[in-house]
Amino acid sequence: MNGLTEKKTAMEWKAIFESEAFEEKYGYDGRDLGAVYGKAYTSFKVWAPTAAGVQLNLYHTGSDQEKDAGLAGRCSMEKGAKGVWNCKVEGDLAGVYYTFTIEANGGVHETADIYAKAAGVNGSRSMVVDLSSANPMGWEQDAYRGGYGERPVIYELHIKDFSNDIHSGIRKEYRGKYMAFTEKGTQLAGKSGGYMPTGIDYLKNLGITHVHLLPSYDYGSVDESGDLDNQFNWGYDPVNYNVPEGSYSVNPYDGAIRIREFKEMVKALHEAGLAVVMDVVYNHTYSADSWFQSTVPYYYYRINGKGQLSNGSLCGNDTASERRMFRKYMIDSVCYWAAEYHIDGFRFDLMGLHDVDTMNEIRNALDQLPGGNQILMYGEPWRGSESSMKKGSIPALKEQIDQLDERISIFCDSTRDCIKGSVFYAEKAGFVNGKEGLEEDISSCVLAWCTKRGKFHPRGPGQIISYVSAHDNYTLWDKLVYTAKAKPWDFLEKNPEVLQQNKMAAAIYFTCLGTPFFQAGEEGARTKRGIGDSYASLAEINQLDWARIYEYEELTAFYKGLIEIRKHFGTFYRKDKGVLDNIRFWKVSCANMVCFTMKGDREEADWWEELSVIYYAGLQKEEVGLPQGMWQVLCDGSRVNLKKEGMYASETFTVPGRSVIILGKQVYPK
Ligand code: CA
C-alpha cells in the first residue's frame, strides 16, 4: 500500500481499490466529512487517502464571475487517520464559499466538496451553511412521514413542468421554481366559469398521496447563470448530491436561498397532505471530471477490463456502490435528505447498477431514523448495459428482486409493457390497444407477478410498482396515438378511441396489486407531441399543459375516481403474498377478457366487502355472467361513480368493447 500518492494507471488503481486491505485500512465511518458548521469555528474534513497534499480555499463568492471573487483565505490541511485531511477555521463562517486544492495521482485539482451541503451558482464552489437559519417558519413542526407510506398513490412530476405554463395561474417569478408549490388558490388562467384549480390545490384535489420529484439535487446540464427561460433538462446529471438544484431557485447565487425554498416546497406539500419523494441518481455523475475524481482519482468509479470507465449507465461513467466509501456516501446522502429536508421517499435511477447489499443497507439506515420505516424506497431494476461491478457483488436487477429487502420496490416493466405495449417500439401494442393472447400475462399483472410464471420472483406485491408511463419514453397518450395507426399521427387531435384505451389502461393498473404510479398529466391526456426522449427538449414540449388538463376533465375525473376506489379498499395495498388468497379469477369463454373477484379484509377504511373486476379488450360488447349477489357499478368503463344511488347489477352485465368494469358488493353503512 506504499506509494498511494504516486501516479498510477486506472488498472493499477482498480486493483488497489478493490482490495480488502485498502478498504480495511482506509475505510472511514465518521459522520463529520465536509464542513461542520459552528458559530465559533467550522471544521473541514475530506477523505483523500491518495492525496500528497490538501489545501482549503475560502471565498466571498460562489463563482469566479462575481465581484470580489478572488481568494479570501487559504489553509493547509493536516492528514489524520484513515486518510482524512482536516482543519479548523475560527469565526462564524456561515455564507463563506470554499474549495479544496488536492494533489493526487500526479496532478493538482481545485475541487468542490463532495459532502457540500450548500453551493454557489452552478455548484463549483461549496458553501458553509448554518442550516438552522435556512429553515422556513414553522419547519420544526413540519410533519413528515406521518402515515403517508401506508396507501401510496405516486405522481411523478418535474419541478419546472409543474408551473412553467403561462396558464398555470402561478405568479411569473415563481413559475418553474420551488416556490410555485407554495402558491395556493391558483386557477386556470384565461378561462371563465367553474372552479379550475391548478398548482398545489389541483394536486391535493386529485387524491394522490406522494409527489415524486424528478431530480432536484444540483445537476449540471442547465447553466444557472444563463437564460433560464430557454433551458430545460430532466436533470439526470448530478454535480452536488446534497445540494438543491440552483435553476429552480429565484436566486441561485446565494447558497442558503435555495435550501430555504426547497424546504418551503416540502412544507407546502406536507401541509397539503402530500408526501415528497426524491428521484436520486447515484449511479453516474454529470461527467467523469467530477469532484469525486478530483478528490480520490478512480476510487468512486468502476473500471472495466480495458482500463476504461465502465459505462453501464450509458452516461460515460458508472459509480462503484460496492466500494465502502461510495456505499457510505449513498447512505449518508439519502439519510441527510430524509432528516434535513423531511423527504418521505426515494426513487433510485438505474438501481440495477447498484449492488443489493448497498440498497439493503440504505433501507436499514432509513429505518433507524424516527418514522423512517415509513419512507418509501423504489427504483429502476435495470441498467443501460453491463457494468464492471466488483466480482461477487450482486446487482439490484429485476431477477434479483428476492434478494432486496421486501420494502424496496421496483418499477415493473412487465406490467407496463403488457398493458399498452413496448416502450421501445412505438407501434407495438399491448392488451388495451389490440394485442391478443395476453390474458395470462394480464392476470400476472393483477397479482403483481407474485406467481411462479415470471423470470423474477417478488417477495410480495409490496415490491412492485404498477404503472404504464413515466418521464422516460412516450406519454401514455402519445403511445396510444402511435398504436392507433392514424398515420400521420396527430397527438393534439381529439381521439375517442385513444381516450377509451387510456381509461382502460388506467383502470387496469389501478386495480392491480402493488403500488400505483403515474406520470404527471397522464390523467389529462398529456402529450409530448410524440417525442419520447424529451430530456433536453423545450420546456414547452415537456411542461404540464393546464388548459389541456381541463379539456380532458372527463379523463381526470376518471383517474380521481379510480384513486378513490383504491383508497377505500385496503386489499389493493396488501404487501404480503398471502393477499393472493383474496383473489379468484373466473373462467370466461370470451377472448381478451380477464375477470376476477377480490375480497376485502373488512378494514375500517374499506367501503366494500368484495370487488369484481372485468377487463375486456375486445371490440364488440359482451354479456358476462356475474358472481352471486347485488353489485354496485363503480366503473362502467367510461365513468366512475361511487354514489350509493348509482347503478346496480346482478346475474349478468353487458360489457362494452374496450372497457374495464369495476363492481362493488355491499356498501358498508357509513
Ligand atoms: Ca445546477
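Predicted model: local features only at pLDDT ≥ 70, side-chain atom pairs only at ≥ 80, totals over all residues.

Modeller: Residues are numbered from 1 along each chain as its sequence is written, and side-chain values use heavy atoms, with hydrogens and water left out.

Biologist: Which residues are the protein donors of the calcium ion?

Modeller: Donors are N, O and S atoms within 2.8 Å of the metal (3.2 Å for Na, K and Ca), and since water is not among the atoms, sites may look incomplete. The donor residues follow the sequence spacing D-Y-x4-E-x20-E. Lying 2.2 to 2.3 Å from the ion, the protein donors are D218 (OD), Y219 (O), E224 (OE) and E245 (OE).

Biologist: Where do E224 and E245 lie, and how many residues apart in sequence are the parts that they tie together?

Modeller: Helices (H or I, at least four residues) and strands (E, at least two) are DSSP runs, numbered from the N terminus. E224 belongs to the loop between β12 (217–219) and β13 (238–244), and E245 to the loop between β13 and α5 (255–271), so the pair ties together parts that are 21 residues apart in sequence.

Biologist: Are E224 and E245 buried or exposed?

Modeller: Buried means under 20% relative accessible area, exposed over 50%, and partly exposed in between, with a 1.4 Å probe and protein chains only. By that criterion, E224 and E245 are both buried.

Biologist: Which helix gives the most to the lining of the largest pocket?

Modeller: On a 1 Å grid over the protein atoms alone, a pocket is an open set of points where a 1.4 Å probe fits, with protein on both sides within 12 Å along at least five of seven lines, and lining residues have an atom within 4 Å of a point. The largest pocket has a volume of about 1,100 Å³, a volume being the space filled by probe spheres set on grid points that are joined across faces, edges and corners. Of its 42 lining residues, D349, L350, E380, W382 and D472 are the closest to the centre. The helix that gives the most to this lining, with five residues, is α9 (413–420).

Biologist: Against which elements do the buried residues of α9 pack?

Modeller: Six of the eight residues of α9 are buried, so described as mostly covered, and these are S414, T415, R416, C418, I419 and K420. Taking contact as heavy atoms within 4.5 Å, the buried residues pack against α10 (439–446), β18 (464–466), α11 (476–483) and α12 (496–510).

Biologist: Which element gives the largest share of the lining of the second largest pocket?

Modeller: The second largest pocket has a volume of about 500 Å³, and of its 23 lining residues the closest to the centre are R31, K328, I331, D332 and S333. The elements that give two or more residues to this lining are α7 (324–341) and α8 (356–367). The largest share, 10 residues, comes from α7.

Biologist: In β14, which residue is the bridge partner of H212?

Modeller: Two strands pair if DSSP finds at least two bridges between them. Strand β11 (210–213) pairs in the parallel sense with β10 (154–157) over four bridges, and β11 also pairs in the parallel sense with β14 (275–280) over four bridges. In β14, the bridge partner of H212 is V277.
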